[in-house]
Amino acid sequence: MIQKKIKKIIFQYAPPDVEFSINYPPQREYGDYSIFFPFNIAKDIKSKIDKNLPSFINKVELVSPGFLNFYIKEDFLQKQIKGILEKKENFGRLNLGKRKKISIEFISANPTGPLHIGNGRGAFFGDSLANLLEYVGFDVTREYYINNSKVSCQIKELGKTALGKGTSYETQRLKEIIKRINPKLKKIKTENEAGFILAKEIQKENQKFIEKELKIKFDIWFEEENLFKENKIQKMVSFLGKKNLTYQKDGAIWLKTSKFGDFKDEVLIRSDGSPSYFLSDITYHNDKIKRGFKKIIDIWGADHQGHIKRMEAAMKILNFKGEFNIFIAQMVSLAGGEKLSKRKGNLILLEDLIKEVGIDVARYFYLSKSLSTQMEFDLNLAKKQSEKNPVYYIQYAYARIHSILAKSKIKKIEYKNINYKLLTHNSELNLIRELVKFPEIIDDVARDYQLQRLCEYGKKLAEVFNQFYRDCRVLQLNSNKLQVKDKKLTEARLALVLSTKIVFENCMRILGISLPKKM
RNA sequence: GUCCCUGUAGCUCAGUGGACAGAGCGCCCCGCUGCGGUCGGGGAGGUCGGGUGUUCAAAUCACCCCAGGGACGCCA
């Protein structure tokens, strides 16, 4: 990584207390990398660098009011292709995680109905974030929490619907499921038990959809009900009681979360004796802690933002020493401002979106926007835009690469014999410049989790590749009349094309977007 | 009332302290259409919601205001 090399140089020459960040200049004329310092410091650093110019730097320019612009040597850039070809799928891979155990919980849709377009955000973001963290060396576990506790209100409501005593969560699909499992339901007397059985069926369908259609593989499907079965809930209540963190009020048992940063205390056990959702969640998170995770990430919808403070308080009470992060995916609303509601059955299903636009467009659609942006969703617009979606631009560039490589009939490139110095065209060098940025982007995104930057990168890479394709013909038409020099150039360009292919693959693998060889 | 998120081009959104503010779509013009045209180049279009402040430097940070969405339940 060039940035790291530059940083090392700066650390050597800059005053120790000076802060700086390395940027990509907005214009080509400003070099490849740029750092800003107060003018006199910049001047001083420049003169020190100039005295002993590192071999990979062509020149350093000082531009008022204090930009130090670094120009990377062309032959250094050209050599990088070799590195990409050798590293292959590991080009960009880092070891930030050092095999640290990390849990990512996402989607966790209630088993009361199918996934809607709001669930899509957490689904793709969580899966891609997991891909990324694996890529940078963490030991990642993907978890899905199923709120199927028999004693919960939502399961009871669902049970009423199952037994024909209510209409909550009712949709055409739900009616079909109820009809199908009717023989089973007939033997059931309580609403809670009926709801639990119906939830099992719904969950089965959702799970199948997630694995088959969304192609997301969870390591753990965690059932809330098991916390009750295994007596963990009850143990948690007495544990918290022994720590003197609970008290009785209005017939309910409360947890003193306000002592740990929450706005108010929270109910653990309701006055009717039933445990709250919060109590389950504390117990569930304690289970995660017990499984040895050093970092725990939850990805929730915006409707759970009120749950953040109390959960953070709970993690303190549980004495979790690792990192605990909650990411909130902002609301997805329907065009015209109509609200999605699962209980009212007013929603667009994720499977309908995927049927309309395909999984790749859907994934890109979600991942290209930051999590904190509220999305207004218009299915017609999504359909219309899908035909001109940037994801096709990326896939097309990749298909083109594949076509060139297939036609070249070169099975294996002997990179030792390639003369990379022949790649001197501006479009060739620009493509290389973009390729070598990839590990730097990965490094950034692994720290700030702004996955949309990888989408932007993919688009940019496709763009510079297309410019290269336009300006620099790879394969010659009359290959039997090739001069030796031309042959060498073709080989060098093929190597560049192959390295571009590798970077496309590494980038899109993290995003979970497919790269077809033909379109 | 308190708290969270958002406000950037006609639309959907990038850009989170630096150099004339970007992309895709839409609109207009031109070129190429010969390794695969889902192509390339150019143009129109922006007081970055408003204000004050911090800074050599603010779309970016702080504070205030306005607007939209969300949360404030012994639902999940």
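A residue is taken as near a strand if its C-beta atom, placed from the backbone, lies within 6 Å of it. With that in hand, here are some close-up views of this predicted model.

**View 1. The surface near RNA strand B.** Around RNA strand B there are 69 residues, and Ser34, Asp250, Arg270, Gly306 and Val474 come nearest. Sorted by class, this surface has 29 polar, 24 nonpolar and 16 charged residues. Several elements each supply at least two residues, among them strand 2 (33-36), helix 5 (153-162) and helix 18 (452-471).

**View 2. The largest nonpolar core.** This core holds 112 residues, of which Phe125, Leu367, Leu454, Val503, Cys507 and Leu511 touch the most other members. Helix 19 (residues 484-511) gives the most to the core, with 13 residues. At least three residues come from each of domain 1 (2-72) and domain 2 (81-85 + 90-95 + 389-511). Zoom in on Leu454 and, leaving aside residues up to four places away in sequence, you will find that Leu454 touches Ile441, Val445, Cys507, Ile510 and Leu511. Apart from this core lies another one, of 11 residues, including Ile155, Tyr169, Ala194 and Phe196.

**View 3. Helix 4 and the glycine after it.** Just after helix 4, Gly137 takes a positive phi of about 100 degrees.

**View 4. A buried lysine, Lys150.** Look for Lys150 in the loop between strand 6 (139-146) and helix 5. Lys150 counts as buried because it has 20 C-beta neighbours inside 10 Å. Not counting residues up to four places away in sequence, Lys150 touches Ile155, Asn192, Glu193, Phe196 and Glu225. Lys369 is 219 residues from Lys150 along the chain, and their C-alpha atoms are separated by 37 Å.

View 5. Ser64 and Pro65 are joined by a cis peptide bond, with omega about 5 degrees; Pro65 sits in the loop between strand 3 (57-63) and strand 4. Lys88, in the loop between helix 3 (74-87) and strand 5 (101-105), has a positive phi of about 50 degrees although it is not a glycine. Lys88 counts as partly exposed because it has 14 C-beta neighbours inside 10 Å. Asn244 lies in the loop between helix 10 (232-242) and strand 8 (246-249), and its phi is positive too, near 65 degrees. With 8 other C-beta atoms within 10 Å, Asn244 is exposed.

How values were computed. Residues are numbered from 1 along each chain as its sequence is written. Chains are lettered from A and ligands numbered from 1 in the order in which they are written. This is a predicted model: local features need pLDDT of at least 70, side-chain atom pairs count only at pLDDT 80 or more; totals for chains, interfaces and linings use all residues. A nonpolar core is a set of buried Ala, Val, Leu, Ile, Met, Phe, Trp, Tyr and Cys residues joined through C-beta atoms within 7 Å. A residue is buried if 20 or more other C-beta atoms lie within 10 Å of its own, exposed if 12 or fewer, and partly exposed in between; C-beta atoms are placed from the backbone. Helices (H or I, at least four residues) and strands (E, at least two) are DSSP runs, numbered from the N terminus. Domain bounds come from an automatic or database domain assignment. Two residues are in contact if their C-beta atoms, placed from the backbone, lie within 7 Å. Ala, Val, Leu, Ile, Met, Phe, Trp, Tyr, Cys and Pro count as nonpolar, Asp, Glu, Lys and Arg as charged, and the others, Gly among them, as polar.
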